[in-house]
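Here is a short report on one model.

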Amino acid sequence: MPPSSGSTDAAPPTSTGRLDRLDRALSRRAAVGWPHPRWFTLPLSGLSLTANYGILWYVLCLLPWLSVEPEPLRKALYVAVPVTLVEATGFLIKRVVARPRPPVAEPDLPVQIPLPYSKSFPSSHASMAMVGVLTLGAVYPWALPWLLVLAAVLCFSRVYLGVHYLGDVLGGIAYGLVFGGLWVWLVPLGF
């Protein structure tokens, strides 16, 4: 008798499926399994929200005016232009990939902060943070350690607050490093 075409055996999981399950499990652990005391979650939420649409990086790029630096507009544009470009191109990638945010894909996850309307991959916060670190670090090398700490906290907040999967943030970091690295390499600071 020939084998039936209606086999009930499930297909073996693909490596992509296993990676997605691992990503979701690790992200869930941070967003739900770890403690979320108000004294920690509230300021972290505030920091995360200030980075919406690049606002945090636009404010930081205006520091030359406060410190009476020479050529403040040129220095501000050196940071603001690539931050804007990486955010805009990131939104195009989000539309193509169309990965839903964790609370949308998994409705039992808590919503810690207002959920953005955009899709989840890649994290714009992470990509803008990397571009901000690279460009501001080129303008102010002395600030690089502080910028790295700020970017790390910001990236952590996106998974901890449940608005991104860990893979979204890692993808955003990679995209931001490539974009920001190319910007710093191709656009001289004294353009």
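Leaving aside its neighbours within four places in sequence, which residues is threonine 41 in contact with? Contact here means heavy atoms within 4.5 Å. The partners are His36, Gln112, Tyr160 and Leu161.

This is a predicted model: local features need pLDDT of at least 70, side-chain atom pairs count only at pLDDT 80 or more, and totals for chains, interfaces and linings use all residues. Residues are numbered from 1 along each chain as its sequence is written, and side-chain values use heavy atoms, with hydrogens and water left out.

Threonine 41 sits in helix H2 (residues 38-50). Helices are DSSP runs of H or I, at least four residues long, numbered from the N terminus. Threonine 41 counts as buried because its relative accessibility is 8%. Buried means under 20% relative accessible area, with a 1.4 Å probe and protein chains only. Threonine 41 and glutamine 112 are 71 residues apart along the chain, yet their C-alpha atoms are separated by 8.4 Å.

**Core.** A nonpolar core is a set of buried Ala, Val, Leu, Ile, Met, Phe, Trp, Tyr and Cys residues joined through side-chain atoms within 4.5 Å. The largest one has 27 residues, of which Leu56, Trp57 and Leu136 touch the most other members. Helices H3 (55-61), H5 (72-97), H7 (124-139), H8 (144-160) and H9 (166-186) each supply at least two residues of this core. H7 gives the most, with 7 residues. Beyond its neighbours within four places in sequence, tryptophan 57 has contacts that include Val79, Met128, Leu136 and Leu154.

**Helix H5.** At 1.5 Å a residue, the 26 residues of H5 should span 38 Å, and its end C-alpha atoms are 37 Å apart, which agrees. The expected span is 1.5 Å times one less than the number of residues. Just after H5, alanine 98 takes a positive phi of about 55 degrees.

On a 1 Å grid over the protein atoms alone, a cavity is a set of points where a 1.4 Å probe fits but cannot get out; a pocket is an open set with protein on both sides within 12 Å along at least five of seven lines; lining residues have an atom within 4 Å of a point.

| Space | Volume |
|---|---|
| Largest cavity | About 40 Å³ |
| Largest pocket | About 230 Å³ |

Of the 16 residues that line the largest pocket, Asn52, Tyr53, Arg101, Pro116 and Ser118 are the closest to its centre. H5 and H7 each supply at least two residues of the pocket lining. For the largest cavity, helix H1 (residues 15-33) gives the most to the lining, with 3 residues.

Terms used
Grid points are joined across faces, edges and corners, and a volume is the space filled by probe spheres set on the points. Buried means under 20% relative accessible area, exposed over 50%, partly exposed in between (1.4 Å probe, protein chains only).
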